[in-house]
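Reader: I want to learn how to read contacts in a model. Please start with charged side chains.

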Amino acid sequence: MNELPTRYDPQATENDIYQRWLDANCFRATPDEREPYCITVPPPNVTGALHLGHALNHTIMDALGRWKRMQGYNTLILPGTDHAGIATQSVVEREIAKQGCTRFDFGREGFVKRVWQWKDEYGDRIVNQLKRLGCGYDWDRLRFTMDEGYVDAIMTVFERLYDNGYIYLGNRIVNWCPFHQTAISDIEVEHEDEVGNLWHIRYPFSDGSGYVTVATTRPETMLGDTAVAVNPKDPRYEGLIGKELRLPLTDRAIPLIGDDYAQMEFGTGAVKVTPAHDPNDFEAGQRNNLPSITVIGPDGTMNENAGAYAGLDRYEARKRVVADLEAQGFLVKVEEHPHSVGRCDRCNTVIEPLLSEQWFCKMAGTPMVEKAIAAAQNDDVRFIPGRYKELFLRWMENIRDWPISRQLWWGHRMPLWYRRDANLRDQSSYFVARTREEAIAKAGTEEIEQIEDVLDTWFSSALWPFATLGWPNERESLDYYYPTSALFTAQEILYLWVARMIMTGEEFIGAKPFDDVYVHATILDEHGRRMSKMRGNGVDPVDLIELYGADATRFALASQAGLRQDIRFKPIRDGRHEQVEQARNFANKIWNASRFALMNLEGYTPPASDPQPAELVDRWILSRLDATTAAVNEGLSTYNLDDAARALYQFFWDDFCDWYIEAAKPRLNDPATADSARHVLWFTLERTLRLLHPIMPYLTETIWQTLPGAKEQAGVEFLMFAPFPQEGITPRDEAAEREWALVQEVVRSIRNLQAQNNLKKSGPAFFLPADAAVRATAQASAPLIEFLARFSPLTLEVGPEDALLAPTPYGDVRLPRPQASEEEIAQQVQRIQADIAKAEKDLAGLTARLSDTKFTERAPAAVLEKTRQQAAELTEKRDKLAERLAQLSAAA
């Protein structure tokens, strides 16, 4: 006998199952004649640990990959990790700080060597966690963005972009981290709503004719103001535009300019313009030919342009500036003001918008941007949900040049060199070379230096779909798997990463990088806030796996993974997590039902042919299996994993366990009927395990391996290769579903009457069928109804006049009334009155709809007829309940 342990223990089985998959090379993929399905997995930071967003994304990817593999596709899910410049450098700097050292004590070469040592020691942590989650990825192809082959792709792309005039040296506003002293990307900035102050400052006209009041949250930056802007349509400033203002606390004069950037409806309508410290001010400065004066240095202290405040920390300078403004009569008022503050996600330092000389890649109007826009507009790249297409296009059509340099040591050092005697402000002084030897040959001298900056991490990850497949040196995998099938990502990197992959794919391969972009929901805490390290409100998926197993964690996530904007996820409380615990209970239900099936399949060899059932319950369960198969395939094909998970849960728990298994027990125990019942039981369980496998791979593989005849029938060694069920294999049987609905309704009614009246499960039951067809079905199913309801015999007649009544659409169910006390009668009266009130409320709603000419004229005929039928049924139910109420009242 094939036995399963009494209880399912995921910790005892998951590692063993995964190792068996690895040993059998189940995830390995190489080009062949089959149709490919490929996902190049978004590379997590090598420093990273699995967080809930990762777990959701990888659950979706792995589920769809397993589904496609079972459909017969050559499925490659290619994993990797990102070197994560600032994140990794920060981790290692914190490590060496414990030894009292900084990176400067090691020097660049020594520090980079130290980072590699850290990566070799700790860099596989997230890879191992993904394996634990059950991710069926081709680990033999694991890539790292600083692998030799990957670096070759990066250098090739950089050379071509530089040679084609895309890359230039320029001054623009960047997100600057004063602690790390580097520019960082938008995704590396975490915004928090904080209550600060809004300082209102008076800027007097130089001629003494009055003043303009502006408001700012950062008064220290006023020292770098080069104008005050008002809207040219603002009547309050008619005739004043062009006049000169005196900048408080300085000896400088600045102009009052007209610019649409100023909003008339906000306060005084006047805004200070500080081009070196605000991105919008920078654009206004460019439009109006204003100078840019930087007053805060790279380390967050005030520089020489800040005059008397030079050398002060920016926040100390703020206090001094405010005090001086007040003392000199320039401060009008101070108000509390909630606003969003950006902080570096690695060190929590408040970001400084800073004018900085950086290397940029041209974007707007370039061929690669135009091709990316066309790919989205033409749905060559399809966005799911569709709302992200418009967001993507809106951003692309307003794209700004991309700052690609970072002031870090860990990363891809930019392959730009210069002669030591060159003018470094002149871009023509720079040239591209991959090695010092190549640079010497190009320069004709050994007096050369390589620039210190490294490339933005997003520059290297922009090449991910094709660089991981061997470009530029290897073509076999690239030609077969590219374009890849789908990208799975979060909305916050739609522009930073997705857009750039589309651009580079079109530019360097001449084709889109993927067919679909699925933007999964954002996981929020139970209060609707983003999960973050700063808030401390995250839920560690590894903790959930420890508590409940990988499959329960996956199912809980998949159950919410549809096309919604966000997901609310509760914290672990007192060692329990409500949502994942429900999924664990479902896993236990699957396990226990499978144990029951295996006990009844001992010594059984399933026929090679599909079941051809004659019994109503067999016809019904196979029809429901077909409907579930359709729903699961539809859910997976449309990226609605929640629909697929819901359909599986309802089918297995409600249809299969609560009804089919119970109904099959008498036939399984009867030698005359056991084989036909076993065949349907085996077939339904085996096909359901296939349907469940993409979302719950460990549990289903464990059970399937013990199921007699499963490997032989599928012709494979592992469930992950068994053909995925398709709709129509066991066709829908609508007649069986209608007839079984009658059985369920009668059984439920008997059970409800028994529970409500605390009756013993014995004795006769009465059912008066509404018509001849109902009578025929009830007559044929009477023994089964008696078994399921535990009341016998079932008599198809009206029953005693004072019997307990449960009206149904198929006829009235009655149970003999026990001798009731006055208290019990009063309780029954209360229940019936509540049922009548509910029936009347529902009936009133239906009546209102049927009285509405807009509804009756516009509703489809089938909907109108169904509404009328529901109203008639409710009327009949209400009247019968009223009749029973009258009987009870008389008895009392």
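Author: A salt bridge is a side-chain nitrogen of Lys or Arg within 4 Å of a carboxyl oxygen of Asp or Glu. This is a predicted model: local features need pLDDT of at least 70, side-chain atom pairs need 80 or more, and totals for chains, interfaces and linings use all residues. Residues are numbered from 1 along each chain as its sequence is written, and side-chain values use heavy atoms, without hydrogens or water.

Reader: How many salt bridges does a search of the whole structure find?

Author: The search finds 56. Take Glu-93 and Arg-103: their closest N and O atoms are 3.3 Å apart.

Reader: Which helices hold Glu-93 and Arg-103?

Author: Helices are DSSP runs of H or I with at least four residues, strands are E runs of at least two, and both are numbered from the N terminus. Glu-93 lies in helix H3 (residues 85-97) and Arg-103 in helix H4 (residues 103-122), so the pair ties together parts ten residues apart in sequence.

Reader: Are Glu-93 and Arg-103 buried or exposed?

Author: Buried means under 20% relative accessible area, exposed means over 50%, and partly exposed is in between (1.4 Å probe, protein chains only). Both Glu-93 and Arg-103 are buried.

Reader: What about Arg-687 and Asp-610?

Author: Their side chains meet in a salt bridge, 3.9 Å from N to O. The pair links distant parts of the chain, 77 residues apart. Arg-687 sits in helix H21 (residues 674-692), and Asp-610 in the loop between helix H18 (578-600) and helix H19 (616-637). Arg-687 counts as buried because its relative accessibility is 14%. Asp-610, at 27%, counts as partly exposed. These two also belong to a salt-bridge network with Glu-686 and Arg-690.

Reader: Where do Arg-732 and Glu-737 stand?

Author: They form a salt bridge, with the closest N and O atoms 2.9 Å apart. Arg-732 is partly exposed at 42%, while Glu-737 counts as buried at 18%.

Reader: Now aromatic rings. What describes a pair of them?

Author: The distance of the centres and the angle of the planes. Rings of Phe, Tyr and Trp (its six-membered ring) pair if their centres lie within 6.5 Å; planes under 30 degrees apart are stacked, over 60 edge-to-face, and the rest tilted. The whole structure has 39 aromatic pairs. Among them, Tyr-480 and Tyr-481 are edge-to-face, 4.6 Å centre to centre with 85° between the planes. Both tyrosines, Tyr-480 and Tyr-481, are buried.

Reader: Which residues do ring pairs link into a cluster?

Author: Phe-158, Tyr-162, Trp-359, Trp-402, Tyr-418, Tyr-430 and Phe-459.
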